[in-house]
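Please read the following points alongside the sequence and the model.

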Amino acid sequence: MEAAGQIASNFNAGVFKEPRGFLKLIQFVLSIFAFATTTSFTSSSTFNVKCNETYSASITFEYGYPFDLESVCVKSPACNKTNPQDVCLLAGAQSSSQFYVFVGVIVMLYCMAALVLYIFFDELYRKNNRIIVGDFVVSIVLTLLWLISASAWASGLSDVKEYTDPAEGGFFDNGSFFPECKDASKTGSCTVVNVGNYGSLNASVIFGFLNMMVWVGNLWFLYKETPWFKVQSKPPAGTPGIPSDLDLDPQKV
């Protein structure tokens with residue numbers, strides 16, 4: 001109880017008036033937006049296959065996080081259902097999306113831990129150079145992870161958009177997936193009704209690069225807390241107007 005009371009007495013909300021405090025809070029919120037807009041996504045694509053003059057088969061496939069599109073399959077052929085086979089999408093973005101979400105979750109947890117340190121153990125943080133340097137080094141690593149994961153996810157999202165579009169993903173004009181769709185661009189035997197709405201995924205990529213930029217800006221403020229910056233900014237001994245310990249005469253003190 002005494003320890004809990006002592007920790008509570010060390011509560012320092014003034015840290016949010018400093019760049020390292022309110023930027024960490026912004027980083028915490030942005031990291032949640034980044035992975036939440038990715039993991040909450042679900043959508044579907046639909047296309048029609050013209051079987052004859054009076055009947056067209058409608059085929060719909062659904063997909064979402066983690067975008068393992070190779071496991072998303074539909075039955076082919078669409079018109080002759082006597083011996084249907086599974087036809088699956090060609091590629092996905094499972095690894096890049098999961099890595100992106102992993103970085104977002106790790107950053108969120110680190111921000112929570114850093115905020116607890118700043119708010120309740122601010123005096124310990126300021127006096128211990130190892131903690132300050134550790135915070136700075138970890139922040140560099142997380143900044144690089146944001147850059148790598150956001151770039152990879154942006155490329156993965158491009159693949160998701162391509163392969164969930166039946167016309168672009170290889171369902172049409174090939175004939176090996178749907179015999180009825182061979183030369184569909186010329187005959188019009190197969191037409192796309194709708195593709196997914198990728199608005200939230202576009203936002204997730206934007207949040208990724210925004211996170212990276214905020215972390216880059218925060219590095220400067222964290223660097224100013226390190227002993228490296230303090231040594232460089234400390235005026236040299238004997239600077240005019242600033243007394244040095246070596247210049248003091250014990251007899252005059």
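1. Helices (H or I, at least four residues) and strands (E, at least two) are DSSP runs, numbered from the N terminus. Trp-220 and Tyr-223 both lie in helix 7, three residues apart, which is about one turn of the helix. The model is a predicted one, in which local features need pLDDT of at least 70, side-chain atom pairs count only at pLDDT 80 or more, and totals for chains, interfaces and linings use all residues. Residues are numbered from 1 along each chain as its sequence is written, and side-chain values use heavy atoms, with hydrogens and water left out.

2. Rings of Phe, Tyr and Trp (its six-membered ring) pair if their centres lie within 6.5 Å; planes under 30 degrees apart count as stacked, over 60 as edge-to-face and the rest as tilted. By this rule there are 14 aromatic pairs. In one of them, the ring centres of Phe-33 and Phe-207 are 5.4 Å apart and the planes stand at 40°, so the pair is tilted. Phe-33 belongs to helix 2 (residues 19–39) and Phe-207 to helix 7 (residues 199–223), so the pair ties together parts that are 174 residues apart in sequence. Trp-220 and Tyr-223 form a tilted pair as well, with 6.1 Å from centre to centre and 35° between the planes.

3. For accessibility, buried means under 20% relative accessible area, exposed over 50%, and partly exposed in between (1.4 Å probe, protein chains only). Trp-220, at 45%, is therefore partly exposed, whereas Tyr-223, at 19%, is buried. Phe-33 is partly exposed at 41%.

4. How many disulfides does the structure hold? A disulfide is a pair of cysteine sulfur atoms within 2.5 Å, and the structure holds three. With bonded cysteines counted along the chain, their pattern is 1-3, 2-4, 5-6.

5. Cys-51 is joined to Cys-79, with 1.9 Å from S to S. The torsion about this S-S bond is about -90°, so the disulfide is left-handed. Cys-51 lies in the loop between strand 1 (42–50) and strand 2 (56–64), and Cys-79 in the loop between strand 3 (73–76) and strand 4 (85–88).

6. The sulfur atoms of Cys-73 and Cys-88 are 1.8 Å apart. Here the torsion is about 85°, so the disulfide is right-handed. Cys-73 lies in strand 3 and Cys-88 in strand 4.

7. Cys-181 and Cys-190 form a disulfide that is left-handed because its torsion is about -85°. Cys-181 is buried at 0% relative accessibility, and Cys-190 is buried at 5%.
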